[in-house]
Amino acid sequence: MTGSVSAYKKPLVAIKAIDLAEDDLPDKTWESENSYRRDQSSIIKRDSDSNRLLSPVVQELRDLIESDPLIQRLFTDMFREIPRQPCFDTDPSGRLQIRDYKALLRHLDDVIVGAPEFDTKTLMGFPINAVLAFPMATSSGIRAFLNEKVNGHIRKVLNTWATFLSSPESRYVLNSDPNKGWLGATALSLMPNFAVDYVCNPAAPHFGFESWDAFFTRRLRKGARPVESSQDNTVIVNPCESAPYRLAFGVGAHDHFWMKDQSYSLEDMLASDELSASFYGGTVYQAYLEATNYHRWHSPVSGTIRKAYGKPGAYYAQAPTVGFDWSTPCKSQAYLTHVATRAMIFIDADDSNIGLMCFMPVGMTECSSCEVGVSEGQRLEKGEEIGMFHYGGSTYCLIFRPESKVRFREEATKAGAGSPVLKVNSMLAQVGQLLKDCT
């Protein structure tokens, strides 16, 4: 079933009153299509309005679901397969769990014209992932979110949202509300030395950021993260502000990455790139970024770009063996390196003991925009910016040849829950000699 979108007009929603300083308020056109703010509880209340017109991009997704029998069955069954138990009555963000795909579409329709408020709950800044956390863990959800046609339409929805998040209208969440503002006391406590480390103007409205995405992809001030051992080509620096997730040696060309241990499978990770064989038996280091971390990438070595490109993939995939995960997709991060939207940046390092290596940023759910900022043949100095993530938390891998014999600093080997966040451009590893003191 399809519906006309020519007469589409976004329904107006009551704005929830919150305490904000006058300078923090957005433009007073409260009922503008692209500048109102919503309380998610109002979204749930309006879910009964099943006949409301959807925005064109969400209507396209509905048309796909309802014109393809297999996809419609998967989107229907993924909600039916969520257990009818009290712990599943609310999603991981604490809000009433959506129970059918039409309610999901209405939720998407609301999300793409707003910016995520800061909060300290699970899945901070992930309003789509929060409602899909349980559906994507079901057998039907796992199949649906690996479907190429589904991911093609989800990409369009996320691109539409990205347009809003890059607009001035998205700044209304960049305020000093102590609990919900990204520039409030609670949020800034998770981003210490914010005004000192990042390019911003605390005296200006929204700290001078032109959009929510400008805040998210904020730049470091000169000298805030000096490149450690900048003249020593044997030293590999951390490409992102991130916490260690996993370190694996002797990684094979093919493995069962969908099984419980989520073993790395190089041919799948690197999408059968012609350079994949160079890394058979090599080392993979994976780390992750929180929503409050710095999200630009920096080159881990000095060298020359051999190849750099993006690889489209899944957006809301979850490892089949994980089950219901209240922090999804955190427990699926190794699996996602094989199936999610990602990029590959192959670098010929100046140090021959490192040689060819690969930096592979991986998008997770809402944050699936991997912007590559380098091109083939480009010369890089260690610590130079090479790209960025947009719109959420993320993960990445560094992949080394078996000949490289990389030795990692002790903190990088302490992967898992509670891992320390290692600063970008700090020493991560070394080749050719005993590892230097990194304390």
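Buried here means under 20% relative accessible area.

**Figure 1. Overview of the predicted model.** The structure is a predicted model, not an experimental one. By the buried cut-off, 58% of the 439 residues in the protein are buried. The secondary structure comes to 12 helices and 13 strands. Take the contacts in the protein between residues at least 6 apart in sequence: 75% of them join residues at least 24 apart. The close-ups below treat strands, then helices, then loops.

**Figure 2. Strand β11 and its two antiparallel partners, β3 and β7****.** Strands of a sheet pair through backbone hydrogen bonds, either parallel or antiparallel. Strand β3 (282–289) runs antiparallel to β11, and 7 bridges join the two. Thr-283 has Phe-400 of β11 as its bridge partner. Strand β7 covers residues 356–363 and also pairs with β11 in the antiparallel sense, over 7 bridges.

Figure 3. Strand β11 spans residues 394–400 and is mostly covered, with 7 of its 7 residues buried.

**Figure 4. An open sheet of 3 strands****.** The strand order is β4-β10-β8, with antiparallel pairing. Strands β4 (296–298) and β8 (369–372) form the edges, and each pairs on one side only. From one strand to the next, the twist averages 20 degrees. Strand β10 covers residues 385–390 and pairs with β8 over 4 bridges, in the antiparallel sense. Within this pairing, Ser-369 has His-390 of β10 as its bridge partner.

**Figure 5. Helix α2 against helix α4.** Two packed helices are described by the angle between their axes and the distance between the axes. Helix α2 (residues 56–67) and helix α4 (residues 101–111) have axes that come within 10 Å and cross at roughly 160 degrees. That angle makes α2 roughly antiparallel to α4, because angles over 145 degrees count as roughly antiparallel. The crossing of α2 past α4 is right-handed. Helix α2 brings Val-58, Leu-61, Arg-62, Ile-65 and Glu-66 to the contact. Helix α4 brings Tyr-101, Lys-102, Leu-105, Leu-108 and Asp-109. By class, this contact has 6 nonpolar, no polar and 4 charged residues.

**Figure 6. Helix α2 against helix α3.** The axes of α2 and helix α3 (residues 69–80) come within 5 Å. They cross at roughly 105 degrees. The two helices are therefore roughly perpendicular to each other, as are angles of 65 to 115 degrees in general. Leu-64, Ile-65, Glu-66 and Ser-67 of α2 meet Pro-69, Ile-71, Gln-72 and Phe-75 of α3. This contact divides into 5 nonpolar, 2 polar and 1 charged residue. Ile-65 and Glu-66 touch α3 here and also take part in the contact with α4.

**Figure 7. Positive phi at Ser-272 and Asn-425****.** Most residues other than glycine have a negative phi, and most peptide bonds are trans. Ser-272, not a glycine, has a positive phi of about 55 degrees. Ser-272 sits in the loop between α11 (266–269) and β3 (282–289). With a relative accessible area of 52%, Ser-272 is exposed. Asn-425 also has a positive phi, near 75 degrees, in a residue other than glycine. Asn-425 belongs to the loop between β12 (407–408) and β13 (427–430). Its relative accessibility is 4%, so Asn-425 counts as buried.

**Figure 8. Ser-176 in the loop between α7 and α8****.** The loop that holds Ser-176 runs between α7 (148–165) and α8 (185–189). Ser-176 counts as partly exposed, at 39% relative accessibility. Ser-176 and Leu-188 are 12 residues apart in sequence. In space, their C-alpha atoms are 9.5 Å apart.

Notes: Residues numbered from 1 in each chain as written. Predicted model: local features only at pLDDT ≥ 70, side-chain atom pairs only at ≥ 80, totals over all residues. Heavy atoms only, no water. Pairing = 2+ DSSP bridges. Axes fitted to C-alpha atoms, helices over the stretch in contact; angles between N-to-C directions. Parallel < 35°, antiparallel > 145°, perpendicular 65-115°, else oblique. Left-handed = near helix turned anticlockwise from the far one by under 90°. Contact = heavy atoms within 4.5 Å. Nonpolar A, V, L, I, M, F, W, Y, C, P; charged D, E, K, R; others polar. Buried < 20%, exposed > 50% of the residue type's maximum accessible area, 1.4 Å probe, protein only.
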